[in-house]
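Reader: Could you take a close look at the places where aromatic rings meet charged groups and one another, and then at the strand that is enclosed beside them in your account? Please give the cut-offs as you go.

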Amino acid sequence: MNKKFISLRFAAAVAALLLASNPGVSAETAAPASAASPASPQAPQAGPPPKIDPRAEQLLSRSCDDLTSRKAFTFHAEITFDQVLPPSNVKLQFAAAADYAVQRPDQLAVEFHSDLGGKQIWYNGTKVTILDPPHMFYATLEVPDSIDGMMERLEEVHNLSIPLADLAYSHPCEMFRKGVIYSAYVGVNDVAGEDCDHLAFTKNNVDWQVWLQRTGRHLPRKVVINYRNAPGSPEYVGVLSDWKFPASIPASVFQPDLPKDAKQINIMKVKETKP
């Protein structure tokens, strides 16, 4: 995957488990020379069927339903991420933190700070504004009037993605399930001292894990993504906390708060390279 990101979206990773669990395709038996024709095309071979764990699907759906039912929410994420240095493929780890405010259907704010810089993002239903505080640049783009439409426009037209964007979609599970070929319930494991249901999933180019709170709203508490087809197989890890569900969030939270000296640039220039 060669997309450039404002910052990487998160999911979860279990490369060794998933690769070991996917059966290989049986080798074909060659046809006798007398029956074979050099010009005859080979019939396409079907890959192994998806291996979907019903318990993992049920727990993921329960968590997504909890999020879908809430019009407004905020949360905090503590993040670590890898960056692979070419041409040696030396892998370095960096840290970040992000705060989110979501008010469906058409308002989103993200404040992201990392060892390598930061971004602030405001979406107010008509425009998305992205500020790069270290360089004092910002960009503004007119987008559709829903969070779903805004994020799809950024990705399809500008090759950009907002961190942890899937959690803000109106139906998060639809995004999580796209292209999944394997899922498993791993067990009950710890996140910051709390027992959580640990799930594993894989797609063609990404392996991911998610830890879900077992009580209350069954919220995501940790997500990990492994880009196993990228050089060095970089990972992102996000630990989510401080979930809040107010009746509404003040409109001012979603309005750009730009420094006086910030300069406007083309939105294509604020992209960062995904590992």
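Author: R55 lies over the face of Y185, at 3.8 Å from the ring centre, where a charge is taken to sit over a ring if NZ of Lys or CZ of Arg is within 6 Å of the ring centre and within 35 degrees of the ring normal. A second case involves R217, whose charged end is placed over the ring of F245, 4.2 Å from its centre. The model is predicted, so local features need pLDDT of at least 70 and side-chain atom pairs count only at pLDDT 80 or more, while totals for chains, interfaces and linings use all residues. Residues are numbered from 1 along each chain as its sequence is written, and side-chain values use heavy atoms, with hydrogens and water left out.

In one of them F81 and Y236 are stacked, because their ring centres are 5.1 Å apart and their planes stand at 20 degrees. Since F81 belongs to strand β2 (residues 72–85) and Y236 to strand β12 (residues 235–244), this pair ties together parts that are 155 residues apart in sequence; strands here are DSSP runs of E with at least two residues, numbered from the N terminus. F81 is buried at a relative accessible area of 6%, and Y236 is buried, also with 6%, buried meaning under 20% relative accessible area with a 1.4 Å probe and protein chains only. W243 and F245 are likewise stacked, as their ring centres are 6.1 Å apart and their planes are at 10 degrees. W243 counts as buried at 14%, and F245 is buried at 15%. Ring pairs link W243 and F245 with F73, F75 and Y100 into a cluster.

Turning to the enclosed strand, seven of the seven residues of β10 (residues 207–213) are buried, so the rest of the structure largely encloses this strand. One side carries D207, Q209, W211 and Q213, the other W208, V210 and L212, and both faces are covered. Strand β9 (residues 194–202) pairs with β10 in the antiparallel sense over seven bridges, given that pairing requires DSSP to find at least two bridges between two strands. H198 has W211 of β10 as its bridge partner, and a hairpin through four residues joins β9 to β10. Strand β11 (residues 220–226) runs antiparallel to β10 and is joined to it by six bridges, with D207 standing opposite N226.

How values were computed. Phe/Tyr/Trp six-rings, centres within 6.5 Å; stacked < 30°, edge-to-face > 60°. Buried < 20%, exposed > 50% of the residue type's maximum accessible area, 1.4 Å probe, protein only.
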